Structure formats: C-alpha cells, structure tokens
Amino acid sequence: MMKNVYVVLYEDFTALDAFGPVEVLGSIEEFQLHFVSLEGGVITNKQAVRIETEPMAAMEKGGILLIPGGWGSRAEVNHEAFIKALGRAVDEAEYVLCVCTGSALVAKTGALDGLRATSNKRAFAWVESCRPEVTWEKPPRWVRDGKFYTSAGVSAGIDMALGFIRDRYGEERALEICTRMEYRWNRNADECLTVI
C-alpha cells in the first residue's frame, strides 16, 4: 500500500535539509513523494534550485511530513497562514520529520509543546526563542518523541531519516540504503557531532 511523503517547502529552504532525507525516504518502494508549499507553484531555495510544488490544501490525511530548515524559516515562522496550514498538516500526519530549523516551524504550531526536540546547534538560541514550551535538547544528533523526529543541522537530517527507516523497517533495510548511497551513517541519535 502506497504511503504519501509530503516535503513541505518554502522560499530559501536549505537543499540538503530536504534532498538528503528525500534520497533516503525515496528508497522505500511504497513511499510516494510529493513536494508541497502553501500556495503551490515554483519554490526557489537558497542555492537557486527551483521546485514545482503542489498546494498544501491538496494534501491527504495521514502519511509522513518532512520539513526542512533554512534561512527562509526565519520569515515563515511569523507567516500566519503558513503556520496555520502547517499545523493542520502536522495534526493529520502519521509521522513528522523536521530537519534543522524546520523544527522551529513545527514548534510554532504548538504541536511540540511539552515534547523533546532538537535543532541546528548554530541557530539553537533562535529556535528556542520561537517556542519555549518545547523541551529543547541541544546535544543530540536527532530526537524522537512520539510521532515527531527532529534533527540537528543539515547532514543530521540524513542520519535522522535513516533512524526513521530503522524504526519502521529494521536495521538491515537502513544499512542497505546506506550501502547504495555510499554513506557513513551516524547511527547514535545521542552522539553530538557538531560544536555546541
């Protein structure tokens, strides 16, 4: 049975935050990838990558959300219509995966209140200030709390996505993906590999 994966994009998202986990999640045959944004249409990121997106209003209930970070998150965190639409999508999702400052966007919806989460170490103070009601944990590479997975910056999103695959499909499947990608997976979610 096919399961939808919705990659939520906005102007100036970070490429690897989105496409690192997309490479991992796209390796699962029953996952169908969709790139979405608030209104749909072309979204351009910091590296001038242009992606055609579907409107978030067209998303079906259930499935997996992937929210990347990036400089654009600083504007989107105060974009009322975006946060409202994201909140609905988060409520309806089976799982929510946040990379880097993407966790600030999900936190702003209130969905992470009282839960453990992490984010980019270099932007950590800003992320904390966006929603103090979250139990922000600085050291971990990624954190899982219920249906929510949050990761540190950029490349940590790949490790988190592989951790998600391990949780759902087992270690062997995650390692098969690593082998195909020629990627050295940092398997320990609690191991901090960045300066804090």
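These legends go with close-up views of a predicted model.

**View 1. Tyr-10 and Phe-82 meet edge-to-face.** A search through the whole structure turns up seven aromatic pairs, and this view shows one of them. With ring centres 6.1 Å apart and planes at 70°, Tyr-10 and Phe-82 make an edge-to-face pair, because an angle over 60 degrees falls in that class. Tyr-10 sits in the loop between strand E1 (3-8) and helix H1 (15-25), while Phe-82 belongs to helix H3 (residues 80-92), so the pair ties together parts that are 72 residues apart in sequence. Both partners are tucked away: Tyr-10 is buried at a relative accessible area of 2%, and Phe-82 is buried at 1%.

**View 2. Tyr-95 and Phe-164 make another edge-to-face pair.** Here the ring centres are 5.2 Å apart and the planes stand at 75°. Tyr-95 comes from strand E6 (residues 95-99) and Phe-164 from helix H6 (residues 156-169), so this pair links distant parts of the chain, 69 residues apart.

**View 3. Three phenylalanines gather in one cluster.** Phe-13, Phe-19 and Phe-35 together form a single aromatic cluster.

**View 4. An arginine lies over a tryptophan ring.** Look for Arg-74 over the face of Trp-126, where the distance to the ring centre is 4.7 Å.

View 5. Within H7 (residues 171-181), the buried residues include Ala-174, Ile-177 and Cys-178. What does the buried side of H7 pack against? Its buried residues pack against H1 and H6.

**View 6. The other face of H7, and what comes after the helix.** Turned away from the buried side of H7 is a face that carries the exposed residues Glu-172 and Thr-179. Just past the end of H7, Glu-182 adopts a positive phi of about 55°.

Note on methods
Residues numbered from 1 in each chain as written. Predicted model: local features only at pLDDT ≥ 70, side-chain atom pairs only at ≥ 80, totals over all residues. Heavy atoms only, no water. Phe/Tyr/Trp six-rings, centres within 6.5 Å; stacked < 30°, edge-to-face > 60°. Helix = DSSP H or I, 4+ residues; strand = E, 2+ residues; numbered from the N terminus. Buried < 20%, exposed > 50% of the residue type's maximum accessible area, 1.4 Å probe, protein only. Lys NZ or Arg CZ within 6 Å of the ring centre and 35° of its normal. Contact = heavy atoms within 4.5 Å.
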